[in-house]
Amino acid sequence: MKSIPFFLTAVLLGSLAFGVFVSSAGPTSHSPTATAFRTHTPPASVVPQATYTVLDIWWDFGSNDIFFDRSADGGSTWGSDVRVNDRAGTAFGSGWQIPLPAVAVDDAAGAIYVSWMDNRNGNFDIYASRSTDGGATWSANSRVNDDTGTAVQWMVDLAVDRRGTVHAAWEDKRNGSLNIFYSNSTDGGATWSPNVRISSENTPGTYNRPGDYFAIEAGPNDEPYIIWTDGRGADFDIYFAKGPDFSNVRITDGSSSYAWQVEPTMMINRSGTVFAGWKETNGPEAAGLRVGASYSTDAGATWAPNLLMNQSHPGGGCSNSDPWMALSRDDRVHYAYLEYSCSNGSSGLNLANTSDGSWGTVHYAPGAGGLTDKDSIVVAPEGRIFAAWDEGNVMDVTWSDDGGKTWASFEDPDDAPGGVLGAVIQIGGPVATITLATNPARLPVIVDGVTTTSPAVYGWAIGSSHNISVSSPLPGATGTRFIWTSWSDQGAIAHTIVANSDQTITANFTKQDEVKIGTSPVGLKILVDGLAYTQLASFWWDDGSAHAIEAVSPQPVTNVSRYVWASWSDGGNQSHSITVSAPLALTATFSDEQAMRISTSPDGRTFTVDDTSYSTATTFWLPPNSNVVVSVPSPQTAPGTRYQFQKWSDGGAATHVVTFHAAMILQATFSAEYYLNVTGPIEGATGSGWYPAGSTVVAEVRYAEYAVGAGERLAFLRWGGDASGTGLISDPILIDGPKQVFAVYVTEYRLTVSSEYGDATGDGWYRAGEPAFATVSSTEVSLGAGVRESFVGWTDDATGSGPTSAPIVMNQAKSATANWQRQYFLRVDSDVGTVEGSGWYAAGQAVVLRAPTQMAASGTTYRFAGWTGGISDPEPTVTITMSGPMTVRATWQSASPIDVLGGPSIGFGVLVVILGLAAGVLVWRWNRRRP
């Protein structure tokens, strides 16, 4: 559980953009190649490895992100890189302040913690994140420092103690000088305690670089142990402090020939011995020359004399830098540091170990051919030593199974090689974090036979089995208990689990509250969730559950006595719902009542009791010895009915006070009258009024017919409704209830029939909608010799050309008029033969007469001589206008033969002669042509 704080010179950041890496550990520049980086392939010993994971965290200065990767096969293969900072590109630095990551692993909880310097707020702050799934996902980043100004915080390291508390320390410039600050988190890194200053004196803020590395570890009693580079003197020294008082102790004793000591590292073995290492140099920003070491057996109060670590490079003449310590299972502390600028130009890693402060053989691991920088090591449970460092800004990961004598081929976990610094190697143990919780929290759980209060967190070996159980019911405060309902893994109340992954297993309980419900007086009935109880009822109900309670009311004792609900002790309604949130006692209180029944005769009359009206027989339940006021209004009316109050059965007035002692019956008696309503469509209907029940009356109308307009009238037909009869006075009506009587009239319309000639019939009154007819007795009427009137059809509201009209629908007053035409007789006589044209013609009609030009009679031929009589005209065709009766005669003259030839028949005679001559000529010619 070690971080790898470091720093770079200003030349570093200036050179990165050009592919050149400048390290504090060696020469000023180096440009490695990928092929040179992969040429180192020393064999690795085959040692069986346990199921643990190798964790690698680094800063990618190309993207300014913190990345994580892991290997489940001892470093041979690696997964996909996962970004830890939840805001991309916020992990960047400036000058010597760069975001090298720190990492710590909580094996008991199975959690991985990472911290780094972050610039998301526009200044450098310390942020942290946590993964509980082996690094697959990371929590929301939380800020560790509580300084919200623009001061710089950087160079952080982390440690986790046995209780799971996460400790953090860092370099801080919030007061303008350089100091060490500390904080811790007890909730998995979600929140952090108020920051505490550790360094008791300032390091001047004018220094750029108090050292790249920094260390914090959890001591034997879970106290934080912190080691740092301190500049309170003339140069840099290594200081130590231990919580909770954090007294500052100087480790470096001034015995070194080098004045400046920086980049401390630290490890604590199981016996409590604290081992420290650092870099020796000759200036505040100078490259490393050697590394020193010391140890303390009294928890850091005093320190052994300082010593310089040996070198092992075969070429010799090397410089040393970047010290790092790790602890193995056999309680040995391993010390790694880089060698560079050696006589033969190569670089590599030195590794020594100790258990008592005397360091043994220093082993050398050659690099890949480039400039080495920023190393870290960790020792796996079986002893495999993993190492990581940077060569030309590319990550080298290798391991040794023989204490550092030989090393495996280099691997690069970075998915995008190039541009990385500060890789931290760490081991993730083969444990599953099992949290045993209860809902609600802080109830007891039994784990492997031991009872503990939840939540209980265990780090169990993968695949191990454990017994978990709970008791049920569990008593709570007075009147409460908890009932187990289920485990979240669906197991029985007591069952065995296998720790095969991180998980939280929750025992779900239902809190129950005791609820007691009774009545006063006792023995009465209540309903609880629909079930009846007549004794004090006691229930255990789930906290937060809703239940229905009801006081059954009324509860009869006899048919005239009962108990009625008065109140619940919780102030609720007679029937209401209660939601249980605490133990509860409820009482339903009832009161005694007796019956008073009040009715009317006849039924349905209105009465009031204490100013409340009723209209049906009603039973009132009253406390004994109470007073009520009864009253009846009089008269009382209903549609067509009215009632007059007569008496109360107790002899009281219409309104009086009744002193109620015990059950009783009270009745109000009324007499009834009914209303007879006589109506009709016209005035004059009589008989309406109030009549005593059982009497008989009649209704009467004044008019049999009543004119309502020209040609329209109403005619009485009969009585309707509750009356009968067809006379103007109805049959007797029995008054046994409200009566409705109406005179039935029908509407009639007048048909007026008129004719100038002859006799017309059909005139009279007809019912609305009834068909009527108009008729004339004759279609022709003589007005004298040669003059007459002829019927031609009906007009106005009548139609038709026959003597009887088409049906006339009587939907209003109507008229029918017979129409006639004046006609004259024309007599045509002839002296010879007959001439057509005699007959009746309409007045004004034009009549054409035609006579032949000649006519033969009795062997004599006559020629037309002209017209005489009513007209005088020589032409055989003549037109006459009929303006009165008229007689005309055709006259003739006998014709001579000449007249005949010359007459119209001459043409025929000539034609006969011509044809005869033509025939003779043809015969003659024919005879000549014959042989």
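**Note on the predicted model**

1. The torsion about the S-S bond of C318 and C342 is about 120 degrees, so this disulfide is right-handed. The pair joins distant parts of the chain, 24 residues apart. C318 lies in the loop between β19 (307–308) and β20 (319–327), and C342 lies in the loop between β21 (333–340) and β22 (348–354). The model is predicted, not an experimental structure.

2. The sulfur atoms of C318 and C342 are 1.9 Å apart, and a disulfide is called when the two sulfurs are within 2.5 Å. A search of the whole structure finds one disulfide. Are C318 and C342 buried or exposed? Both cysteines are buried.

3. Which residues have the most contacts inside the largest nonpolar core? They are W59, I66, V114, L349 and I377, in a core of 35 residues. As background, nonpolar side chains in soluble globular proteins tend to be buried together.

4. I377 can be followed residue by residue. Leaving out residues up to four places away in sequence, I377 touches W324, A326, H334, A336, L349, L351, F386, A387 and I425. L349, one of these contacts, is also listed with I377 among the core residues with the most contacts.

5. Elsewhere, four strands form an open sheet in the order β4-β5-β6-β7, and their pairing is antiparallel. The edge strands are β4 (102–106) and β7 (142–143), each pairing on one side only.

6. Within this sheet, β4 and β5 (residues 111–118) run antiparallel and are joined by five bridges.

Technical notes: Residues numbered from 1 in each chain as written. Predicted model: local features only at pLDDT ≥ 70, side-chain atom pairs only at ≥ 80, totals over all residues. Heavy atoms only, no water. Helix = DSSP H or I, 4+ residues; strand = E, 2+ residues; numbered from the N terminus. Buried < 20%, exposed > 50% of the residue type's maximum accessible area, 1.4 Å probe, protein only. Core = buried A, V, L, I, M, F, W, Y, C linked by side-chain atoms within 4.5 Å. Contact = heavy atoms within 4.5 Å. Pairing = 2+ DSSP bridges.
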